[in-house]
Amino acid sequence: MDLRGHLDLLVLGTLRQTGPAHGYALIIALRERSDGAFDLPEGTVYPALHRLERDGLLTSRWDADAPRRRRVYALTPSGRTALAAKQREWRVFAHGMQAVLGLDTAKGWA
Amino acid sequence: MSDEERGSGPPHDSGEGRIDRYLDEMFDRLAGTGGRGRRAVAEAEDHLRAAAADAVARGLPVAQAERDAVARFGSPALIAGQLRRAGRNSLLGSVLSGAWVLAGLGLLVLALTYLTKAVELTVLLRMHPQELPACADLQDLYIPMGTGIECTTSMQDMRANAVAGLVVLLAAAAALLVRRFAVRLVGLAPAPRRFPLFGAAFFVVLGFLFLVTSLTPYSTMLFGVDRGFLGVPMGMGLWPQDIAAVASLLTATVALVLHAVRAAHSRDFGLTLPSQNPSGTSRAPARQ
């Protein structure tokens, strides 16, 4: 599945559910929670994390307890606000797509 | 996903040492990116070695585990290219954002100066209540300090400072709130992480500048005659530059405290918020 344009939202949503996490834990959580549907090159999560941190939606620090250098990311208050806004947009989008494609739950998922 | 995207190697590749070779190539491709590049390579190494360790724990040979980990990570060209693009911070946006905060805080200092002056004039008038009934009669008649108060002028000064303080305070609040919404909703770049330190230094310099000007004849040149402050008459009592100096140094102190709190939060967030992490990091693979 092509996730371009949606990766930032997926990263924010996964981090909200997992709490502070490093990149590898994040990609595993993303894969498990999507039942394997979101199987993207694992390295692409790091540019997304860096971009979201640059935009102030995430904060990060080195985990001093890890045996190797490990960067842990967490949502900032701005990140939570942005996630809530994107979720609202997504609901409207999904509702519209379902209606247009005839996938309205009232008619059953054909 | 194509083999190129996954970065799978040629069929004859034995796999062992694949992670080291991958990291070498990534390091080369991120040359010139400084600390951001080194951080990305460190993150990639942690990811790849954790993934390989997981695979080995599931029973795969080391060579196969490393080859799979590298294949799943994506080609160095793809990831390094994305990392370079992600690192291109909007310098203009950051500068605009930081300047916006400084302007808002500067207005706050100005409002604090005017309001403090208004309060001081009110207190001074209350300390000489015997002069108040005479104010209406005295009009603009000057009575030297110690024997009375230039009542009418002082009352007018107090009102002028109060009005100026409230107007500037509203402007400061509007500037800071609009910027906050711009960051959250429109995507304006946040101020750089160390911005509070820069802001503290700025207001320390500003504070000492006010102190120096209030002690020298340059004060009149910079702020006008007769103790006026940026067009608002200040009247008797403290010099406005002294108040502005204290307000600036106070703002610098608040900025330093804010920076310390942020730094502490950044250090602790992963360890002090267990309630936010009911299942997340427990999904992390076993460490090597």
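The buried residues of helix α2 in chain A are Gly23(A), Tyr24(A), Ala25(A), Leu26(A), Ile27(A), Ile28(A), Ala29(A) and Leu30(A). That makes eight of the 11 residues of α2(A), which spans residues 23-33, so this helix is largely enclosed by the rest of the structure. Bear in mind that this is a predicted model. Here's a quick tour, from the two chains down to a few individual residues.

**The two chains**

- Chain A has four helices and three strands, and along the sequence they run α-β-α-α-β-β-α.
- Chain B goes another way, with 11 helices and zero strands, so to speak a plain run of α-α-α-α-α-α-α-α-α-α-α.
- On burial, 52% of the 110 residues in chain A count as buried, while for chain B the figure is 41% of 288 residues.
- Contact range is worth a look too: in chain A, 43% of the contacts between residues at least 6 apart in sequence join residues at least 24 apart.
- For chain B, residues 24 or more positions apart account for 75% of the contacts with a separation of 6 or more.

**Around helix α2 of chain A**

- What do the buried residues of α2(A) pack against? Within chain A they meet α1, β1 (21-22), α3 (45-54) and β3 (71-75).
- Chain B joins in as well, through its own α3.
- After α2(A) comes Asp35(A), which has a positive phi, near 55°.

**Helices α1 and α4 of chain A**

- Two packed helices are described by the angle between their axes and the distance between the axes.
- For α1(A) (residues 7-18) and α4(A) (residues 77-101), the angle is about 120° and the axes are 10 Å apart.
- The pair is therefore oblique, and α1(A) passes α4(A) in a left-handed crossing.
- On the α1(A) side, the residues in contact are Leu9(A), Leu12(A), Gly13(A) and Arg16(A).
- They meet Arg80(A), Leu83(A), Lys86(A), Gln87(A) and Trp90(A) of α4(A).
- Sorted by class, this contact has four nonpolar, two polar and three charged residues.

**Nonpolar cores**

- The largest nonpolar core has 46 residues, and the ones with the most contacts inside it come from both chains: Val11(A), Leu15(A), Leu49(A) and Leu58(A), plus Met26(B), Leu48(B) and Phe73(B).
- Which helix gives this core its largest share? It's α3 of chain B (residues 35-57), with eight residues.
- A second, separate core has 10 residues, among them Ala191(B), Phe203(B), Ala247(B) and Ala255(B).

**A closer look at Leu256(B)**

- Leu256(B) sits in helix α11 of chain B, which covers residues 240-272.
- Is Leu256(B) buried, partly exposed or exposed? Its relative accessible area is 45%, so it counts as partly exposed, given that buried means under 20% and exposed over 50%.
- Not counting residues up to four places away in sequence, Leu256(B) touches Leu197(B) and Ala200(B).
- Leu197(B) is 59 residues from Leu256(B) in sequence, yet their C-alpha atoms are 6.2 Å apart in space.

How values were computed:
Residues are numbered from 1 along each chain as its sequence is written. Chains are lettered from A and ligands numbered from 1 in the order in which they are written. This is a predicted model: local features need pLDDT of at least 70, side-chain atom pairs count only at pLDDT 80 or more; totals for chains, interfaces and linings use all residues. Side-chain values use heavy atoms; hydrogens and water are left out. Helices (H or I, at least four residues) and strands (E, at least two) are DSSP runs, numbered from the N terminus. Buried means under 20% relative accessible area, exposed over 50%, partly exposed in between (1.4 Å probe, protein chains only). Contact means heavy atoms within 4.5 Å. Axes are lines fitted to C-alpha atoms, for helices over the stretch in contact, and angles run from 0 to 180 degrees between N-to-C directions. Angles under 35 degrees count as roughly parallel, over 145 as roughly antiparallel, 65 to 115 as roughly perpendicular and the rest as oblique. A crossing is left-handed if the near helix is turned anticlockwise from the far one by less than a right angle, and right-handed if clockwise. Ala, Val, Leu, Ile, Met, Phe, Trp, Tyr, Cys and Pro count as nonpolar, Asp, Glu, Lys and Arg as charged, and the others, Gly among them, as polar. A nonpolar core is a set of buried Ala, Val, Leu, Ile, Met, Phe, Trp, Tyr and Cys residues joined through side-chain atoms within 4.5 Å.
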